[in-house]
Each structure stands twice: as C-alpha cells, then as structure tokens.
Amino acid sequence: MPNEVWLPISEIAAKVNAGELKASDLVEKSLSLIEQKKEYQAVIATTAERAKKRASEIDARIIQGQNAGRLAGVPFIAKDNFLVFGAETTAASNILKGFTAPYQATAINRLEAEGAICVAKANLDAFAHGSSTENSDFFTTKNPHDPTRVPGGSSGGSAAAVALEIVPFALGTDTGGSIRLPASFSGTVGYKPTYGLVSRSGVVAMASSTDVIGPLTRTVEDTAVVLDVMAGKDELDSTTVERNENGYVDARIKINQTKFGVIKEYMGDGLDSGVKTQIEQAIEKIKATGAEVVEVSLPSLPLALAVYYIICPAEVSSNLSRYDGQRFGYTKPGAKDLNDSYLGSRESGFGKEAKRRVMIGTYVLSSGYYDAYYKKAQTVRTKLIHEFKEAFEKVDFLLGPTAPEVAFKIGENTDDPLKMYLADIMTVAVNLAGVPAISIPAGLAQDMPVGLQLIAPQHADRALLGISQAVEEVL
Amino acid sequence: MATITREDVLKLAQLSRLGLNDEEVEEFSKELTEILKYVEQLGSVDIEGLEPTSQVTGLTNVTRKDEVKNYGYEPLDLLKNVPAVENNQIKVKRMIG
C-alpha cells in the first residue's frame with residue numbers, strides 16, 4: 001500500500017539525513033494533520049513544544065554534517081501508556097490525569113536515539129482494558145473508515161492515527177490483541193512481537209506475563225524498520241530476550257517455498273460471513289503463488305478466552321495496586337485516614353472496567369479459589385503452548401482472521417462486558433503462548449477493513465516479517 | 001456454579017481497596033457473576049500431567065551488577081508527582097496509633 005502522505009520510513013530518514021527534508025517541517029506537518037483530523041479524537045494531547053525542540057536539534061546536527069539516525073526526523077505517536085519524559089502520561093485514566101512522566105520508556109529512548117520524534121500521545125481504553133477504545137475515561141476515538149464505528153482497542157488512537165496518515169507510525173501495546181485488533185478494524189498493519197523482544201520498561205503494566213509493545217504502520221516494511229530499532233535486551237526489563245543477530249529488515253522469504261496452516265478453530269461458527277469471504281480470498285491468493293496451504297487444528301483454542309480472562313484480571317489486580325493515591329496520581333482530598341485515602345482515590349480514579357478486572361483478579365487469586373481458577377488457567381495455558389508448538393512442527397506459519405467481525409458501532413457492546421471480551425477471541429491465544437503475530441489489511445467486508453492474521457513460532461519475528469512482506473504483496 | 005453476591009462484592013472491594021457505592025455493588029454483582037460463569041468452563045478441562053506456565057521466556061535468575069548507575073534523571077524529580085512532600089520525603093496519613 002503506497003504512502004500518499006508519507007514516504008516509507010527509511011526514505012524519510014534518508015532524506016532528512018541528506019538535508020533534503022527538514023525534521024521541523026515534518027513535525028509541523030504531523031501537528032497540522034492532528035488538528036485537521038481532530039474530529040476522530042485519536043490523540044489525547046500533543047507534545048508539540050518538546051517535538052519542535054527535538055526537531056530543531058536534529059536539523060542543527062544535520063547542517064553540521066552529522067547523521068541523525070535510522071529514523072531521523074520521523075514523527076510518531078505513542079499510546080498514552082508509554083511514559084514520555086516531561087509529558088503528561090495518563091493511560092487514558094482519571095487516576096493519572098496530570099501525571100507528568102519523570103522518566104521514559106526504553107522503547108522511546110531507542111526511537112529518539114535514532115532521530116524519531118514523538119509528537120503526541122494516542123487515546124486508548126483506560127489502562128489498556130478494552131477492545132474498542134470506548135473505555136477511555138476521556139472520550140472515544142472514531143474509526144477513520146466510518147466515524148460511527150469503533151477503531152478497535154485498546155490501541156485505538158494509535159491505529160486511527162496511522163489510518164488517518166497523521167504520522168508514519170504509532171506505538172501500541174498488545175496484551176490480548178490490543179495492537180492487532182485495532183489494526184484489523186482500522187485497516188493498518190499491526191505487529192505483536194515475541195514476548196520479551198521489546199522492553200516494557202516505562203510502559204504502564206497491564207498483565208505482565210503477556211504484555212508486549214509493538215508498532216502500527218501502513219506497510220510491513222515500515223513495521224520492520226521500527227521494530228529493528230526497538231528490539232533487544234534491556235537491563236531495565238529482566239524479561240527481555242536477545243534480538244535476532246540479522247535484525248528485522250531485509251528479511252524477505254520466498255512465499256512459494258513456505259507452508260501455511262489455516263487455523264480450523266478460527267474459521268468456523270462465530271466468524272462473520274463477509275470476513276470469512278475475505279480471508280478465503282486471501283488464502284486463494286497465497287495458494288496461487290505455489291505456497292502450500294493446509295488446515296491445522298489447535299483443539300484447545302476455544303478455551304483461550306476463558307484462560308485469558310482469568311490470568312489477565314489476576315495480573316491486572318496486582319499491577320493496579322500501585323495506584324493508591326499516595327505517591328503519584330489522583331488523591332482523594334480530605335481523606336480522614338490512610339484506608340479512606342486508598343478507598344476514595346481508587347473509587348474516583350478508576351473507571352468501571354478497571355474495577356471489574358481488579359475484582360475478578362482479586363477473586364481468582366484469593367485463598368480457596370486460587371487453585372480452581374488461576375492455577376488451572378495457567379495449566380490450560382501450558383496445553384495451548386504445546387498445541388502451538390505441535391502446529392509449528394507441521395507448518396511454517398499459521399493463518400486466520402484477526403477478528404470475528406468488522407468494526408462494530410460505537411455503543412453496541414458497552415452494556416455487556418462479556419460481549420466486548422468476545423472481540424478478542426482470535427487474538428488472545430497468541431499472547432498466552434508468547435508467540436509473534438501480525439495483522440495485515442485483507443480487503444473490506446460491509447465496507448469496513450478486514451485483517452488477516454499470521455502467526456509464527458516464538459522468536460521467529462524476522463521470518464514472520466519476511467513472509468508478511470511477501471503476503472502483503474499478493475493480497 | 002459460583003454466584004458473586006453483594007457480600008462477595010463488598011469483600012472483594014475491601015480486599016482491593018475500592019470504595020464502591022451501592023449502585024456499583026449491585027451492578028458488579030451481576031456482571032462479575034456473568035464473567036465468572038464464562039471462565040468456569042475451564043473446570044472440566046483435563047490437565048493431567050501438565051504444569052502451570054507462569055512465564056513464557058524460560059529465562060531464570062536474570063541479574064545485574066549491584067552498582068549505582070546514572071540514567072540522566074534527577075532523583076528529586078521523582079517527587080514532583082507526589083501529593084504531599086516534607087523534607088524530600090513522601091508524607092502519608094498516620095498508620096499506627
């Protein structure tokens with residue numbers, strides 16, 4: 001898909017380093033686009049002053065003949081659960097309104113070291129709890145293809161910003177599908193790396209055993225360029241793993257020598273017929289290249305959502321205990337004692353979904369219930385991990401839809417928490433297994449974008465990006 | 001099949017330090033029951049011979065040298081978001097006595 005508003009990221013950087021484009025102009029361009037597209041409400045706040053300052057510094061270094069990095073002058077938007085030094089970081093929650101980040105995420109450090117410039121913070125479901133961005137404590141982001149529909153979530157603002165071509169890339173987080181689902185709903189590329197490949201230091205934690213961060217872009221090539229800058233061990237995040245020694249760009253694989261497995265459990269009942277048609281057409285296009293495509297079954301996949309909605313709230317209840325009104329964030333004024341301060345700060349500061357997840361989490365971890373719920377879920381998780389491993393002994397990559405439907409209408413699922421959770425039905429298993437996956441645009445159904453999901457074995461990010469570029473070309 | 005009663009909600013709210021109002025207690029009692037009903041399908045799953053997975057990286061004992069590093073931030077800047085500060089210390093309500 002050609003970028004009409006923005007060149008491919010590596011070309012932007014090359015032109016900035018060659019003095020043909022100025023970082024300051026690119027920042028102005030993106031800030032102006034944010035203003036022009038503000039009806040979609042993708043952005044919570046800009047970091048305009050900070051961005052302009054960085055752009056001037058980069059332009060000054062270029063004039064002195066220095067190279068400003070692989071992402072020189074490239075503007076980007078970060079989901080507002082990334083701490084950006086000196087900027088307000090809210091996680092779209094009232095409990096962090098006014099919180100100014102006293103340090104920043106390693107991912108932001110790495111991107112800035114290569115010359116990229118953060119221009120704004122994107123809207124999200126508060127604390128990344130959600131599949132539609134409707135759980136933001138501030139406002140809902142609108143789908144760029146149809147403003148009466150949701151952009152998906154929880155990285156809805158990031159997906160919308162890229163779909164609206166406000167910036168060439170945005171950062172999101174994916175704990176149960178929160179990069180891939182909005183990418184699918186908004187018609188962009190969304191990449192979920194192998195768990196541990198990108199440092200989570202400085203990113204607001206949700207479910208620590210599945211949280212990952214990743215890019216949203218217009219093309220797979222752009223995603224590879226951004227991932228290449230962010231990936232690799234970080235001493236500030238002890239769950240990080242080694243990066244691929246060959247990096248993540250120029251990774252193309254021959255599609256006709258590849259074996260794909262279509263996930264049987266994702267192609268049955270519950271899949272919208274329009275979406276199914278698009279996925280089947282994508283599969284035919286892949287077959288036409290000479291690639292082998294078979295059906296693969298992972299029989300425990302229908303259990304994945306139940307496993308996720310035990311493990312995720314459990315870890316959320318732990319991670320959200322730090323928001324107690326004592327050291328940062330909202331504090332209840334006039335509390336009579338410490339307990340009153342805790343109760344009042346968390347009551348007013350947290351939205352409904354945060355409270356739901358904290359309480360479910362507390363329940364499944366409590367004495368007498370821990371074995372039946374949390375420990376059981378972690379054991380069924382092992383089953384899923386084994387089934388992915390067995391599947392990858394038969395095929396190189398797995399294929400399927402990213403979501404069971406296209407973007408739903410704003411307000412359609414907000415009365416029914418469980419119905420909202422079902423949007424994640426095809427994304428959560430990947431998070432539980434820690435494997436990498438990508439959503440790439442695969443046509444339209446009911447005039448709305450459809451996403452094709454590709455899944456690879458753990459640590460096979462380079463291969464996944466390589467094959468995704470090839471698949472993107474034939475779709 | 002578990003039901004989350006009003007009393008259960010009140011207990012969970014106390015454990016997780018959430019000061020809920022009556023309307024919320026009612027609402028959550030229904031919603032949490034529904035969610036629990038869905039996840040309880042795991043009860044009948046056979047997990048014979050399997051161990052729980054708590055992390056997928058397989059990493060163990062990741063350590064670093066115990067030395068102070070300067071990351072370019074001012075320690076006192078970390079106090080900027082604290083609601084009540086006295087003598088560069090975080091002030092909280094009395095806990096004992």
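1. A cavity, on a 1 Å grid over the protein atoms alone, is a set of points where a 1.4 Å probe fits but cannot get out, and lining residues have an atom within 4 Å of a point. A pocket is an open set with protein on both sides within 12 Å along at least five of seven lines. Grid points are joined across faces, edges and corners, and a volume is the space filled by probe spheres set on the points.

2. This is a predicted model, in which local features need pLDDT of at least 70 and side-chain atom pairs count only at pLDDT 80 or more, while totals for chains, interfaces and linings use all residues. Residues are numbered from 1 along each chain as its sequence is written, chains are lettered from A and ligands numbered from 1 in the order in which they are written, and side-chain values use heavy atoms, with hydrogens and water left out.

3. The search of the whole structure finds one cavity of 30 Å³ or more. The largest cavity holds about 50 Å³ of space. Its lining has 13 residues, and A:Gly130, A:Gly176, A:Ser178, A:Tyr308 and A:Asp424 lie nearest its centre. By class, the lining of this cavity has four nonpolar, seven polar and two charged residues. Here Ala, Val, Leu, Ile, Met, Phe, Trp, Tyr, Cys and Pro count as nonpolar, Asp, Glu, Lys and Arg as charged, and the others, Gly among them, as polar.

4. The largest pocket has about 540 Å³ of space. Of its 29 lining residues, A:Leu83, A:Phe99, A:Tyr103, A:Arg322 and A:Phe328 lie nearest the centre. The lining of the largest pocket divides into 18 nonpolar, seven polar and four charged residues.

5. The volume of the second largest pocket is about 330 Å³. Residues that line it include A:Tyr103, A:Gln104 and A:Leu236, along with B:Asn70, B:Tyr71 and B:Leu78. Six nonpolar, four polar and one charged residues make up this lining.

6. Chain A contributes 69 residues to the contact and chain B contributes 53, where contact means heavy atoms within 4.5 Å. The two chains bury about 5300 Å² between them, 68% of it on carbon and sulfur atoms. Buried area is the accessible area (1.4 Å probe) that two parts lose on being put together, summed over both. Of the area that chain B buries against chain A, B:Leu42, B:Val56 and B:Asn81 supply 13%, more than any other three residues.

7. Chain A has an open sheet of 11 strands with mixed pairing, in the order E1-E3-E2-E4-E6-E5-E10-E11-E9-E7-E8. Helices (H or I, at least four residues) and strands (E, at least two) are DSSP runs, numbered from the N terminus, and two strands pair if DSSP finds at least two bridges between them. Strands E1 (43–46) and E8 (292–296) of chain A stand at the edges with a single partner strand each, so one side of each is left without a neighbour in the sheet. Strand E7 (residues 259–263) of chain A pairs with E8(A) in the parallel sense over five bridges, and A:Ile263 stands opposite A:Val296 in E8(A).

8. Two backbone points deserve a look. The peptide bond from A:Gly153 to A:Ser154 is cis, with omega near 5 degrees, and A:Ser154 is in the loop between E3 and helix H5 (156–163) of chain A. B:Arg17, a residue other than glycine, has a positive phi near 55 degrees. Most residues other than glycine have a negative phi, and most peptide bonds are trans.
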